[in-house]
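Subject: Structure handover and findings

Dear colleague,

I am handing over the structure below, followed by an account of what was found in it. Please read the two side by side.

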Amino acid sequence: MQFTLDDFENDFKLKDFIERISRSSIGSAIRGKPEEFNPQALRATFEEAIEGLHNVLQNTETRITAVEETCGTEEQEHHKRLQSLQKALDNAIERFEDLDHRVNFVATKVVHVGDQLEGVNTPRSHDVEAQKLIYYFSEYMEDRDPLVVVIEDPVKIAEAADVIQKLYHLSQDLPSNGFEKVKNRVYEKYKEIESRLKCEFAIAHQAKDVKKMKDIANTLAPFKGYNQCIEDFIAACQRNQFVSNNSFDDILPICERAYDIIKQVFSDHNHIMATLVENIFEGHTKEYVHENLTKLYQSDKEKYLKNLYVYYERFNEVTDTISKKYDLSSDVGIVNKSKKSIFGSYLEDYISVEETHLRDFFDNSISSYYTSIGHQKRQMVTGGLLKRSIDVSGIGDESLISQEVAINLLSESRNAITRCRLLAPKMNLSDYIWNIFEALLEKLCLDHISYAIDINLQIISNASANVQPDGRFFDVSGQANAIIQLLKKHFNEIVLPIIGSTSIYDSCMKKKNDALQQLEEKIDQGLEKSIQAAIGWLKQMLSTEQKKTDFRPEDSKVVVELTTPACSKCILFIKQQRKLIRSCLDGKNVEEVLKELGIRFHRVLYDHFQQFTYNSMGGMFALADTHSYEDCMKEFKIPLLDKLFSTLHALCKLLVTNPENIRQLCCEEQLASMDRNVLQQFANLRTDYKTARLAKHFQ
């Protein structure tokens with residue numbers, strides 16, 4: 001049996017291989033016929049297969065040996081080639097080092113020869129230059145002008161400038177005796193050429209000939225008039241360029257146009273650019289700021305402060321942009337100098353102006369509000385430790401408190417703090433910020449809110465018990481609480497981040513909290529008086545409107561579905577108060593005030609019902625009244641009040657329940673937990689209490 005290596009490649013499986021050999025021996029017809037199986041044939045087949053596999057192994061080993069011998073031979077040859085290349089590389093490196101040494105040697109010789117040549121040529125150049133200067137100087141000594149022809153030629157004007165500036169410096173070392181005339185001639189020619197160069201530079205600038213400007217600038221650099229040329233150039237860059245209403249809007253465009261020329265013309269372009277910026281600030285910008293602020297300082301402090309802030313902020317923005325864009329970080333002193341020159345005088349008294357304006361603004365805003373409503377502010381007179389009564393006549397229906405005024409004061413305070421953070425010295429910034437907030441605290445809390453609360457407290461105190469209270473203090477309380485929340489937000493967002501980590505934090509917090517606590521105490525006092533007034537009016541209506549005959553009617557045909565007149569009026573008043581409280585107050589204040597009003601009214605009703613005796617028909621009226629009161633209180637949406645008035649309604653059932661059902665009624669959920677004496681006391685109000693022997697049901 002013959003095999004090849006291809007039979008064992010790809011997906012070779014031994015089990016399939018053996019199975020294939022077996023089938024080739026016994027075939028498939030033997031299945032199901034074990035008696036036909038020939039083991040000797042199977043054995044012979046496997047022996048033949050083993051011999052075939054042995055032959056494959058020998059052939060494979062022979063091929064492997066041949067391949068190994070071939071690889072060994074090629075490896076030896078490759079190794080020999082590497083050794084040969086290594087020797088060639090070593091030779092190349094050796095020759096390169098030798099060549100480098102020779103190049104260095106020749107270079108040293110060349111430098112030496114160059115130094116020798118320079119040593120010979122330099123004195124010769126100096127001699128030629130000296131000879132040239134001697135010639136020109138001698139010409140001036142003879143009262144002749146050798147440069148008159150040269151300067152007429154624009155190409156040779158640079159040569160003339162070089163000669164004349166050297167002659168000028170040379171002449172300055174000569175004594176006046178004997179050389180006065182020649183010195184004057186040289187100086188005049190020096191000024192003539194200098195003036196000619198500056199004129200040519202200006203013409204080139206107008207023509208936007210940057211190359212010519214650069215050549216002239218390089219020629220003019222050694223002259224004394226070079227700086228004057230730069231000043232003229234800077235002035236020309238600004239001429240007729242300030243066209244906007246705000247000078248700061250023109251600065252960056254001017255700098256951009258000028259820088260395009262400066263960086264091409266001048267070698268020290270950063271210094272020239274810094275000079276241009278300084279000239280702009282010290283010139284037109286300073287004049288613009290001074291002119292506008294001086295007028296406003298006398299006429300309108302608010303606009304003065306706003307413009308000062310805007311100008312200072314724009315100055316910082318412009319200088320930051322210029323410093324980054326034109327790399328003027330090394331000339332930061334120019335920016336600080338210009339800032340001090342422009343704004344120094346205004347910043348010295350800024351704080352005092354800001355605080356004075358702020359207090360004036362607060363006073364005017366509050367006064368304008370009082371004027372708009374026709375109110376003349378009363379003086380808060382104090383005597384000893386207690387405040388005396390305030391004249392509150394003619395106040396009308398005004399609450400004397402305005403959220404619009406408060407928002408204006410808060411807004412101006414925010415503006416003042418924003419200005420202060422930018423304009424005030426950083427060392428004492430926290431003190432200045434607190435002074436601004438303290439002024440707000442004084443004017444808004446004491447001069448406005450506290451004053452309105454005091455006036456309205458006095459109105460409540462002076463109100464007649466026979467007049468229905470208008471609940472005006474609920475509106476005052478609501479507006480005051482809204483303003484206080486705005487004030488707290490203002491403090492937390494604007495003031496606290498600045499003073500939070502300073503030494504004045506504790507004292508400032510105490511002052512702020514004390515002022516707000518005083519206001520809250522006054523508000524609580526006013527709410528208490530308002531609730532008392534409402535309860536007093538309810539008592540007044542119950543005592544005057546509720547008749548004894550309401551609960552002991554003699555006419556048995558009275559319609560019992562209707563409530564008594566007193567009940568109807570009380571419910572109407574309570575609904576008015578509930579609506580007023582919900583519209584004026586917010587948050588937990590609504591729930592607390594409504595709950596307190598409901599609890600006290602419940603007590604009033606409880607005592608009120610015990611002042612009457614009830615027949616069966618009157619009990620139905622009382623039951624109908626308590627049911628109406630209960631429905632009214634459900635609109636308060638306070639579980640405690642629902643429970644109280646539901647219990648009161650259940651108590652009134654004792655007035656109408658048949659005697660035999662009283663014991664069962666007392667065991668129901670709402671009355672089961674109540675004291676039996678209280679139940680008996682309520683049942684005792686029935687006219688048939690004794691005749692029906694109701695006392696036995698409570699034993």
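Salt bridges

R603 and D607 both belong to helix 17, where they sit 4 residues apart, about one turn of the helix (helices, H or I of at least four residues, and strands, E of at least two, are DSSP runs numbered from the N terminus). Before going further, please note that this is a predicted model, in which local features need pLDDT of at least 70 and side-chain atom pairs count only at pLDDT 80 or more, while totals for chains, interfaces and linings use all residues. Residues are numbered from 1 along each chain as its sequence is written, and side-chain values use heavy atoms, with hydrogens and water left out.

The side chains of R603 and D607 meet in a salt bridge with an N to O distance of 3.4 Å (a salt bridge being a side-chain nitrogen of Lys or Arg within 4 Å of a carboxyl oxygen of Asp or Glu). R603 is partly exposed at a relative accessible area of 48%, and D607 is partly exposed as well, at 34% (buried means under 20% relative accessible area, exposed over 50%, and partly exposed in between, with a 1.4 Å probe and protein chains only). Salt bridges that share partners join R196, E200 and K212 into one network.

Helix 17, which covers residues 588–609, also holds K595 and E592, and because these are 3 residues apart, about one helical turn separates them. They form a salt bridge in which the closest N and O atoms are 4.0 Å apart; K595 is partly exposed at 23% relative accessibility, and E592 is partly exposed at 42%.

In total, the structure holds 28 salt bridges. One of them is between the side chains of E200 and K212, at 3.1 Å from N to O. E200 lies in helix 4 (residues 180–206) and K212 in helix 5 (residues 210–220), so this pair ties together parts that are 12 residues apart in sequence. E200 is buried, with a relative accessible area of 18%, whereas K212 is partly exposed at 33%.

Helix 11

After helix 11 comes G374, which has a positive phi, near 75°.

Cysteines and a surface patch

How many disulfides does the structure hold? There are 0, a disulfide being counted as a pair of cysteine sulfur atoms within 2.5 Å. The cysteine sulfur closest to that of C570 is in C567, at 7.0 Å, which is too far for a bond. C570 is buried at 0% relative accessibility, and C508 is likewise buried, at 2%.

On the surface, F12, L14 and I18 form a nonpolar patch with about 260 Å² of accessible area together. Patches are made of residues with over 30% relative accessible area and no salt bridge, like charges being joined within 9 Å and nonpolar side chains (Val, Leu, Ile, Met, Phe, Trp, Tyr) within 5 Å; accessible areas come from the Shrake-Rupley method with a 1.4 Å probe, and for residues only the protein chains shown count as cover. L14 lies in helix 1 (residues 14–26) and is exposed, at 54% relative accessibility.
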